[in-house]
Amino acid sequence: MDTPHPIVNGIHSSKKNGVHHFNGSGVESNGHGVEISKGRNGSNNDLNTYYMPDSYNNGTSPVTQSNGVFDHSKQDPETVIEISPNGRYAKLNTVLGKGAYKVVWKAIDRDEGYEVAWNCFQTTRAEYNELNQEIEILRQVRHPNIINFHYCWYKDAEFIFVTELMTSGTLREYIRKLSLPNPKIVKRWSRQILRGLIHLHSHNPPIIHRDIKCDNIFINGAHGEVKIGDMGTAKMKLGKKYTVIGTPEFMAPEMYEERGYNEKVDIYAFGMCLLEMVTGEYPYSECKNAAQIYKKVIQGIKPESLAKVQDEEILDLINNCLSPENERYTAEQIRAHPFFTVEPEVLLAAADETKTHLKLQVVFKEGTDNLSVKFDFKVEKDTAEEVVEEMIDEKVLPRKYQQFITHEINRILRDLNKSSKDDDSNDEISRHWNSQPGTPPFPNGISPHLPPHNSPGSFAPPLTLDRDNSPNSTSSGPATSESQRKTQTQEWQTEELDDILPVKDYPNETPIEDFVHEAAVATNRPEKAKEWTTKLKHQDIMTVGDLRDLLDEDWAGLGLTVFASRALKNALYGKSLRSPGIYPRSMGSSNANISGGEDNFV
Ligand SMILES: Nc1ncnc2c1ncn2[C@@H]1O[C@H](COP(=O)(O)OP(=O)(O)OP(=O)(O)O)[C@@H](O)[C@H]1O
C-alpha cells in the first residue's frame, strides 16, 4: 500500500506544521516544523519519542521527568498526567494515536465518568485565535454520526480540545482488518457517513468537512457506530476563495484550483471512501507522489481501482461522486440511491409442530411506513421462488427485493431443516423435510427462530433449485405443474383463514362489484377490482350471498390468484374465523382496514 500524501497549503492556519506543502502547481515540498508521521504508515507510535511541554508537569502531575522527556513507558497508562483548565477532564498517560498534526490521548470526563479523547494540536496563539469562529461552529454541531466536540483551550503552543472517544479505530483500519467488508457493512457504514454529511451540509451556510477520508471516520465496534471525525478542518463556506487543504487522493479537482469550492468536495471524497471500502485499496495507490495524483485528478483520470468495482450500482454511485461538481449528487441524493435502500427483514414468525407449516414475515424498515407482510408457507408444496414471484405479481412485494427475499426464505428453510435434522427424536419432521421438493442441502445455520443476521451470504444470488433438488442449478426455480399449482392455491384458500381481517359485515344481497371493490381497496389494489369482479361474474357470482355459498373447493376453480382469494375471504369471513395467535401487521397494504397497526388484529 502506498503512503497517503497529506497536503497543506499554508493558508489554513491550523495545519501549518504539516508534513507536505502544496504550491498549487502539483509540486510537493517539505514544510517546516514538527513532523509526526501518521501511525498508519508504520511510523511514530513510540510513546517515548513524543516530547511534551514542560508545563504539563505543573506539580499536580505524578509524571516523572528526565531531561525534559517523559518516560511514559514507566508510567501506568491510567495515571492522570494533566487536568483541563475547567477541572472537568483528566488526561491519562495513554496515547490513542498520532496523526500528521495532532496527538490524541485518552482522558476521563470527571463529571460524567466516561472516557474522552484529548487532542493536542501544535499551533500559535494567533492561529488559534483565527480559528475561533470555526471552533464555535464545531461546538454547535451535535449529531450521532459526528464526533462530539466538548471543550477546548490554548496552552503552551498547543490548541487542545476534548472530543468524544471512539473505541475501535478508523474505518481504514477496519477495512484492512476485514480484508474486504461485505456490501451490507459497506452500506451500513456509508449510510451513517451520509447522515453525518447531510447534517453538516444542511447548515446555512453549509459546513464543509474538507478532509473526508477513511482515516477520519471512526468506529465504535460494539454497536457498529460510525462517526465523522477530525472536524478541525471543516470550515464555513464564507466566500469564493478557500484554503487548499486535504488529502490529495480524496481532493476534488476544484479543490486544487483557486476558484473556490463548495460542500460537494465532501461528496467527491465520500466517493473515494466508497471506492476504498469496496476494493480495499487506497485510491490512486498507483501514483508515487502527490504531484502524480494532482495531474491525474486535473485531467479527469480516475483511480485504477475503479476498474475492480463489479457491482453496477456502486460503480454508478462512485462515478457520480467523482463527476464534475455540478453533476455530483448531494449527500441527500446519494442517500436516496438504490444502493442504500434498506433491505427488508425476513422472519420466521411462527411454525407448527412439524415445522412444515410456517408463517413468514417480511418487515420493511424504510420508505414503506414500516410495512410488514405476513404470509403462510407450506414446506411440502411452496417454494420461495414461486411464493415471492406471486406476491410481486400481486404487488404485495416490490420486485427490487425479489432476489433478496427469495434468498432469505431459502435461508430460513435451510436453517429449519438443519434444526429438524439435529433433532433426532423427531423422525416425522425429518421425513417431511427430506422429502420436500427443492429443499437444498443444509449448511450449518442459525436457529430458525432467530431473525436473519447480517451475513455476507445475504447478498448471494438466490438459491435456485431444479427438479433434481440440486441447489444453484441454472434453472430459474422448481417447475410447478398446473395441478400442483392448483393444489397449492386450494391449500392456501382453505387453511389461511386465521389471517383474515374483516372489512365489515356484508348483507347477502350486496352486489358483488361493490363488495369486491371494497376488498380491493382495503388491500390497496383498487385497480384489481374490475378483474376480480369479472372472474366472479363469469362463475355466476353476482352477490355476496353467492360468494358465501361457495365451498372451499369451489374457490380454487374461480381463477383468482391466491392474493385475490385471500383478500376476498378476509373481507368476507375475517371476524368470525380469525383465531388467536400471531397476526400480520398488514397484508401488504397501507390501507387502514388492513394494515392499520396492531389494534386491527386484536
Ligand atoms: N476521537 C478519537 N477517539 C479515539 N482515537 C482517536 C480519536 N481521534 C483521533 N484518534 C486517534 O489518533 C490518531 C490521529 O488522529 P488524526 O488522524 O485525526 O490526526 P491528524 O493529525 O488530524 O491527522 P490527519 O488530519 O492527517 O488525518 C487517529 O489515527 C486515531 O488513531
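The model on your screen is predicted.

**Stop 1: Asp376 and its partner**

Asp376 sits in strand E19 (residues 372-378) and Lys359 in strand E18 (residues 357-363), so select both strands to see a link between distant parts of the chain, 17 residues apart. Lys359 is buried as well, at a relative accessible area of 11%.

**Stop 2: the whole chain**

Zoom out. The protein chain carries 19 helices and 19 strands. It has 602 residues, and 54% of them count as buried. Look at contacts with a separation of 6 or more: residues 24 or more positions apart account for 62% of these in the protein chain.

**Stop 3**

The structure holds 22 salt bridges. Select Asp109 and Arg88 for one of them; the closest N and O atoms are 2.8 Å apart. Asp109 belongs to strand E8 (residues 102-109), while Arg88 is in the loop between strand E6 (80-83) and strand E7 (89-98); the two residues are 21 residues apart. Which of the two is partly exposed? Arg88 is, at 23% relative accessibility. Asp109 is buried, at 0%.

**Stop 4: a salt bridge inside one helix**

Go to helix H11 (402-422). Pick Asp415 and Arg411, whose side chains meet in a salt bridge of 3.0 Å, N to O. They are four residues apart in this helix, so about one helical turn separates them. Both Asp415 and Arg411 are buried.

**Stop 5: a charge without a bridge**

Step back to the loop between helix H10 (384-393) and helix H11 (402-422), and select Glu394. What is the nearest side chain of opposite charge? It is Lys528, 4.5 Å away. Show its surroundings next: beyond residues up to four places away in sequence, Glu394 touches Arg525, Lys528, Thr561 and Phe563.

**Stop 6: a network of charges**

Select Arg172, Arg176, Asp215 and Glu276 together. Salt bridges link these four residues in a network.

**Stop 7: the ring pairs**

Switch to aromatic side chains. The whole structure has 14 aromatic pairs. Take Tyr174 and Trp189: their ring centres are 6.0 Å apart and their planes stand at 75°, so this pair is edge-to-face. Tyr174 is in helix H3 (residues 171-177) and Trp189 in helix H4 (residues 183-201), so the pair ties together parts 15 residues apart in sequence. Trp189 is buried, with a relative accessible area of 3%.

Phe250 lies in the loop between strand E16 (245-246) and helix H5 (253-256), and Tyr282 in the loop between helix H6 (264-279) and helix H7 (290-299), so the pair ties together parts 32 residues apart in sequence. Phe250 is buried, at a relative accessible area of 3%. Tyr282 is buried, at 2%.

Then show Phe121, Tyr128, Phe149, Tyr154, Phe159 and Phe161, which ring pairs link into a cluster.

**Stop 8: charges over rings**

Find Lys91. Its charged end sits over the ring of Trp105, 4.3 Å from the centre. Then find Lys187, whose charged end sits over the ring of Phe339, 4.8 Å from the centre.

**Stop 9: the nonpolar cores**

Finish inside. The largest nonpolar core has 68 residues. Which residues have the most contacts inside it? They are Phe159, Leu171, Trp189, Ile193, Phe270 and Met277. Colour helix H6 to see the largest share of this core, 10 residues.

Centre the view on Phe270. Leaving out neighbours within four places in sequence, Phe270 is in contact with Ser190, Ile193, Leu194, Leu197, Ile212, Cys321, Ile334 and Phe340. Apart from this core lies another, of 48 residues; among them are Phe404, Ala519, Leu550 and Tyr573.

Conventions
Residues numbered from 1 in each chain as written. Predicted model: local features only at pLDDT ≥ 70, side-chain atom pairs only at ≥ 80, totals over all residues. Heavy atoms only, no water. Buried < 20%, exposed > 50% of the residue type's maximum accessible area, 1.4 Å probe, protein only. Lys, Arg positive; Asp, Glu negative; His and termini not counted. Contact = heavy atoms within 4.5 Å. Phe/Tyr/Trp six-rings, centres within 6.5 Å; stacked < 30°, edge-to-face > 60°. Lys NZ or Arg CZ within 6 Å of the ring centre and 35° of its normal. Core = buried A, V, L, I, M, F, W, Y, C linked by side-chain atoms within 4.5 Å.
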